[in-house]
Amino acid sequence: MVGQGMRGRDRAPVAVKDIMIKDPITVTPQTPTLDAIEQMREHRVGSLPVVERGRLVGIITERDYLRFITVKGRTARDTPVREIMCRQVIFLTPDATVDEAMSIMTEKRIRHLPVMEDGVLLGHMDRQLLSGIDRDNWDSTRVGDVFVGL
């Protein structure tokens, strides 16, 4: 029987490294929130890793913007990312499976996960990427079809 996240009968699970967004756009803690939101819109993503001196120090999401800027009446132009970013970042390794990614997202009630190895940010995953995949009939040659527009 084929389980979710498998590439067909008796095939290995789909690894995050096969479908992650590689070399994600990042911002720094000093970046104005407005600039971060404009980057998200331009690149059609819902979050950005926050990097300082080559190290992941947080993540900013559209939800952070809504909760800490819009609802609280602050201005995105005058608020640096560091004031609203999440500092406790949960991340995946490249060899994690799609099923593991979905489990973490469901359990932690999050939508975005950086992909890291040995302290280096390699990529990014989000729930939208995972929802568009037929994990039982995975074909790595179709990655471009799955991620059109990102």
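Trainee: Before we start, which pLDDT do local features need?

Mentor: Residue numbers run from 1 along each chain as its sequence is written, and side-chain values use heavy atoms, with hydrogens and water left out. Since this is a predicted model, side-chain atom pairs count only at pLDDT 80 or more, totals for chains, interfaces and linings use all residues, and local features need pLDDT of at least 70.

Trainee: What percentage of the residues is buried?

Mentor: Buried means under 20% relative accessible area, exposed means over 50%, and partly exposed is in between (1.4 Å probe, protein chains only). Out of the 150 residues in the chain, the buried share is 39%.

Trainee: Which residue forms a salt bridge with Lys-17?

Mentor: A salt bridge here is a side-chain nitrogen of Lys or Arg within 4 Å of a carboxyl oxygen of Asp or Glu, and the structure holds 3 of them. In this one, the closest N and O atoms are 2.8 Å apart, and the partner of Lys-17 is Asp-95. The pair links distant parts of the chain: Lys-17 sits in the segment before strand 1 (21-22), and 78 residues away, in the loop between helix 2 (62-70) and helix 3 (98-108), is Asp-95.

Trainee: How far apart are the closest N and O atoms of Arg-74 and Glu-83?

Mentor: Both ends are partly exposed: Arg-74 has a relative accessible area of 32%, and Glu-83 has 43%. Their salt bridge has its closest N and O atoms at 2.4 Å.

Trainee: Which residues form the positive surface patch?

Mentor: Patches are made of residues with over 30% relative accessible area and no salt bridge, with like charges joined within 9 Å and nonpolar side chains (Val, Leu, Ile, Met, Phe, Trp, Tyr) within 5 Å. One member, Arg-111, lies in the loop between helix 3 and strand 4 (112-117), and is partly exposed at 44%. The patch is formed by Arg-63, Arg-67, Arg-109 and Arg-111.

Trainee: Which residues is Thr-31 in contact with, leaving aside its neighbours within four places in sequence?

Mentor: Thr-31 lies in the loop between strand 1 and helix 1 (33-43), and at 13% relative accessibility counts as buried. Contact means heavy atoms within 4.5 Å. Thr-31 is in contact with Ala-36, Thr-79, Pro-80 and Val-81.

Trainee: Last one: what distance separates the C-alpha atoms of Leu-48 and His-124?

Mentor: Leu-48 lies in strand 2 (residues 47-52) and counts as buried at 1% relative accessibility. Not counting residues up to four places away in sequence, Leu-48 touches several residues, including Ile-25, Val-27 and Ala-36. His-124 is 76 residues away along the chain, and the C-alpha separation is 8.7 Å.

Key. Helix = DSSP H or I, 4+ residues; strand = E, 2+ residues; numbered from the N terminus. Areas by Shrake-Rupley, 256 points an atom, 1.4 Å probe, with all protein chains shown as cover. Lys, Arg positive; Asp, Glu negative; His and termini not counted. Charge placed at Lys NZ, Arg CZ, Asp CG, Glu CD.
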